[in-house]
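Thanks for coming. I have one model to go through today, so let me put it on the screen.

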Amino acid sequence: MNLIGLRIRNLRKQKGMTLKDVSHGIVSIPYLANIENGVKTASIETLMHLARRLEVPEETLLMNEEETNQVILEEFQAIFKLIVFSNTENVEIKLNAIADNINLLQQSPATELGFYSLQACYYYKIWEFSKAEEIEIKYLTNNEKRIQENFPSYLLNYYYYSQAVKHLSVTCDYDLAETYWKKCIETSNDNTLQAVFHINMCICFICQGAYESALKHIKKSWILAKNFSNEEYEFKGTLLYFFGYVYYQIGFLTESKKRFKQAIELFSVYPKFKSRFYFLIRFRLAEIEKSEGNEATFNEDIATLYNEIIRYKKINSTFDNNVYLVITELMVIFAENGFVEQATALKEIMSEVRERVIELDYFIEYTETLLLYHQNQQASYEKNMMDFLKRIDESNDPILINRVKKHASTHFAKETKYKMAYLILSYK
């Protein structure tokens, strides 16, 4: 497996030592670099000298890398499944218990890296992005080829999952996220996990507007989920939601509404599913009403949703991440229609989210610009909007991009700044 080099590098960095500091009098600097990168295998004598230089017990570097603590590995797999299925309430407690009770340096390097990979997975999943990136930099940063050659399959799965979530949520690089979800599927032999990975592939395609491809992955996930246990079967509700969402996007409104209503029937059976999807499904059903021409019903529905969110906020400190997606959508709708009080209240909720998916920042900035417009601060609105237009094409949401450009163009046309209005719509 040859992961001892990674442990040497991590220990060296933790102690603030350079390659020169550690190698002096033992091996050459290039040779130590090759050991750390897995190109060279150090002799036992060299490892003993390096252990002394790094001030760690010799057994930290002198161990059988193929040995795996099965008890710890089974706990890792259980934790990973909790993360993948978004049952994250007790994950941090479980990870802390491992850190407090097990000396990871006495375990194999793969076990140690597995622990830090799970930490990164967890923090990316709950939008604690800076913590995840800190762990990556400290313990996991390495070239992809070496990871593929040296990581055991379970560790590859953890690593690929963390990277997939990272690029889906942090960088919003959906092509790269798709690549890592494929790797997750390829390295897993667990059908339940594969079902979730296919749904995340679906999300990548949804974000790119490739709804037919998204639908294919939902169907694959549905087939895999048929053999789920009762405890896992609340995932059926997630599948029904995505069926409904994709059918809505491709214009099959009747089928979409049917799937959403089937999902709602699961709320009474699976409370966790309800807490994650209640607001999201209610919002999508409201969108369908609008698409069917029922504007009054749509307005009533989003007003009700707004009131429910405000009531929920008064007794809860945080929402599920899915709810923040609804809040930003509602926030923009209210801001576009001049409901300043409602848009401001929702913006304040989002401002409390310390770290969030980067795409949501575009919704917040658009809302802030619209509030200036409705507060008759036209000069500030135009300045902010022009600055925003310079960056809006960096967003991965084509619908939002069009909304921003349409609002700006309409404004400048009303102000008889026709050339500017035309340039905004034609600019790519």
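This is a predicted model: local features need pLDDT of at least 70, side-chain atom pairs count only at pLDDT 80 or more; totals for chains, interfaces and linings use all residues.

Residues are numbered from 1 along each chain as its sequence is written, and side-chain values use heavy atoms, with hydrogens and water left out.

Back to L193. It sits in helix α12, residues 191-207. Helices are DSSP runs of H or I with at least four residues, strands are runs of E with at least two, and both are numbered from the N terminus. L193 counts as buried because its relative accessibility is 6%; the cut-offs are under 20% relative accessible area for buried, over 50% for exposed and partly exposed in between, with a 1.4 Å probe and protein chains only. A225 is 32 residues from L193 in sequence, and their C-alpha atoms are 9.5 Å apart.

Now the whole chain. The protein has 23 helices and 0 strands. Its C-alpha trace spans about 80 × 50 × 40 Å along the principal axes. There are 428 residues, and 51% of them count as buried. Of the contacts with a separation of 6 or more, 63% are between residues 24 or more positions apart.

On the interior: a nonpolar core is a set of buried Ala, Val, Leu, Ile, Met, Phe, Trp, Tyr and Cys residues joined through side-chain atoms within 4.5 Å. The largest one has 136 residues, and Y161 and W181 have the most contacts inside it. Not counting residues up to four places away in sequence, Y161 touches F80, I83, V84, C121, K125, W181, C184 and F197. Apart from that core lies another, of 15 residues, among them M17, V27, L32 and L50.

M17 is in the loop between α1 and α2, the latter being residues 19-23. Is M17 buried or exposed? It counts as buried, because its relative accessibility is 19%. Beyond its neighbours within four places in sequence, M17 is in contact with R12, V22, R53 and L54.

Helix α1 itself, residues 4-14, is mostly covered, with 9 of its 11 residues buried. Those buried include R7, R9, N10 and R12. Just after α1, G16 takes a positive phi of about 70°.

Last, the cysteines. How many disulfides does the structure hold? The count is 0, where a disulfide is a pair of cysteine sulfur atoms within 2.5 Å. Take C172: the closest cysteine sulfur is in C207, 7.2 Å away, so it is too far for a bond. C172 counts as buried because its relative accessibility is 4%. For C184, the closest cysteine sulfur belongs to C121, and at 8.2 Å that is also too far for a bond. C184 is buried too, with a relative accessible area of 0%.

That's what I have.

Terms used: Contact means heavy atoms within 4.5 Å.
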